[in-house]
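The entries below follow the order in which I looked things up.

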Amino acid sequence: MRRIWMVLTVLLGLTWAQYEGRLLVGGQESQAIYPGGDSVAYGPARFIAEALGLGYLEATGKVYLSLGSRVAAFAISSQGADAVRQLNAYRNQDSLWVPVRELARVLDLYYRNDYGAPVLALRPARLLEVQRAMAGSSERYILRFDRDVQVRLLANNPPRLAMIGVTEVPDAPPTSAISFSKESWGTEIYLPQGSDPPRLMFLPQQVVVERGPVTRLPRVVLDAGHGGADTGVAVGSLREKDLTLSVVQQLQKLLQGQAEVVLTRNGDQAVPLLARAQYASTAQVFISLHAAPGSQVTVFSHPEIQTLRLLEKGRELSARSPAAQRAILERYVAAPGSAARLAQAVAESFATAGIVANTSQDAMYVLSMAGGAAVLVEVGIEQLRTPQARAQVAQLLARAVRSYMGLTSSGGGTRP
Ligand SMILES: [Zn+2]
């Protein structure tokens, strides 16, 4: 009996020896395993997260590792071969392992295979600028980077944040109240003292630090295309920039009381594309309105790549209760497929007036920073020719927004 155990122990030992290797994570030595005997290297999930400062969350049978707005989600398999085949995480007794190369691909980490030993590290990042903005009574600092960056709150007031992997910052801080300090792991940023503790929001290549009251109403941002010297399309005396503004202003009135409605422009002025796109980053619903010759209506949405997800970001706000986390995150973070659902709601609303609206997926800069559902609606000028027609388009869009947000037409809104 004893001999059998010895033999088994030796055999198991050999099996392990065969499928183990080195793994370097951010300069720290760790271990790689090759479950199922395959050539796919797996590393210890929690160790990797801690070594690189990634967000980490295990929930509902999945493990999530995040870097800024990028999230790698892995379903968990307990069979090595299954895990490798589906590039799932692999649970081996108490430890959880993730496929290293796949993780690097999704989070845009540095990856190299050094004579059979995978090397994983953060890519150095640059802080491009810090912008201060007021949104109602909330104060925001928008940190813009050249890639996705993990940021952690080190102190509430005055706020001190760790920007992990950030090696370069602007030469001069935007105000003397902001300062930086270089650390071995990245850079710390000090923001001015405020009355409330800050909340963090992770968006593609930017982190928003917000403080002040959380408004109760959902935020809808309406973007009237063009403006100022840029008139857009013109047909006779009709100019795109005027048509879009007129519809958007009516739409704002229709949604008043049901949403906090913000316009990217409320007059005839030029608004840079970047500013428009940034507005989209803190809206649950963003509609950019354009006109085109003809009578066709097309609803464009940006293809979903690595969008911010509610659950995966929960850990970043670990100081708060789960309910409060949800409340904050839900304000800015749409579930997967939201843009497509909003596009569908717009198409269905137009259909009630006998107008066919086509939906299309297209990479559009103005939609590329959206945190919530964002669409660009292009309406044929023939549908905007008269004041009545423009009022109708505003009503159809209002109906679509309400339907998407699960709101009913109340008091102020009139039904088309
Ligand atoms: Zn246009």
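Predicted model: local features only at pLDDT ≥ 70, side-chain atom pairs only at ≥ 80, totals over all residues.

Entry 1. With 16 residues at 1.5 Å a residue, α5 should span 22 Å, and its end C-alpha atoms are 22 Å apart, so the two agree. I noted that α5 covers residues 240-255. After α5 comes Gly257, which has a positive phi near 90°.

Entry 2. Which residues of α5 are buried? I listed them, among them Leu243, Val247, Leu251 and Leu254. In an α-helix there are 3.6 residues a turn, so residues three or four places apart point the same way. I then looked up what the buried residues of α5 pack against: the strands β20, β22, β23 and β24, and the helix α9 (387-405).

Entry 3. Which residues are the protein donors of the zinc ion? I found His226 (NE2), Glu240 (OE) and His290 (ND1), at 2.0 to 2.1 Å from the zinc ion. Their spacing in sequence is H-x13-E-x49-H. Glu240 belongs to α5 and His290 to strand β24 (residues 285-292); the pair is 50 residues apart and links distant parts of the chain.

Entry 4. Glu240 has 2% relative accessibility, so Glu240 counts as buried. His290 has 17%, so His290 is buried too.

Entry 5. I ended with the whole protein chain, which has nine helices and 27 strands. Of its 416 residues, 50% are buried. Its accessible surface is about 19200 Å², with 52% belonging to carbon and sulfur atoms.

Technical notes: Residues numbered from 1 in each chain as written. Heavy atoms only, no water. Helix = DSSP H or I, 4+ residues; strand = E, 2+ residues; numbered from the N terminus. Buried < 20%, exposed > 50% of the residue type's maximum accessible area, 1.4 Å probe, protein only. Areas by Shrake-Rupley, 256 points an atom, 1.4 Å probe, with all protein chains shown as cover. Donors = N, O, S within 2.8 Å, 3.2 Å for Na, K, Ca; no water. Expected span 1.5 Å × (residues − 1). Contact = heavy atoms within 4.5 Å.
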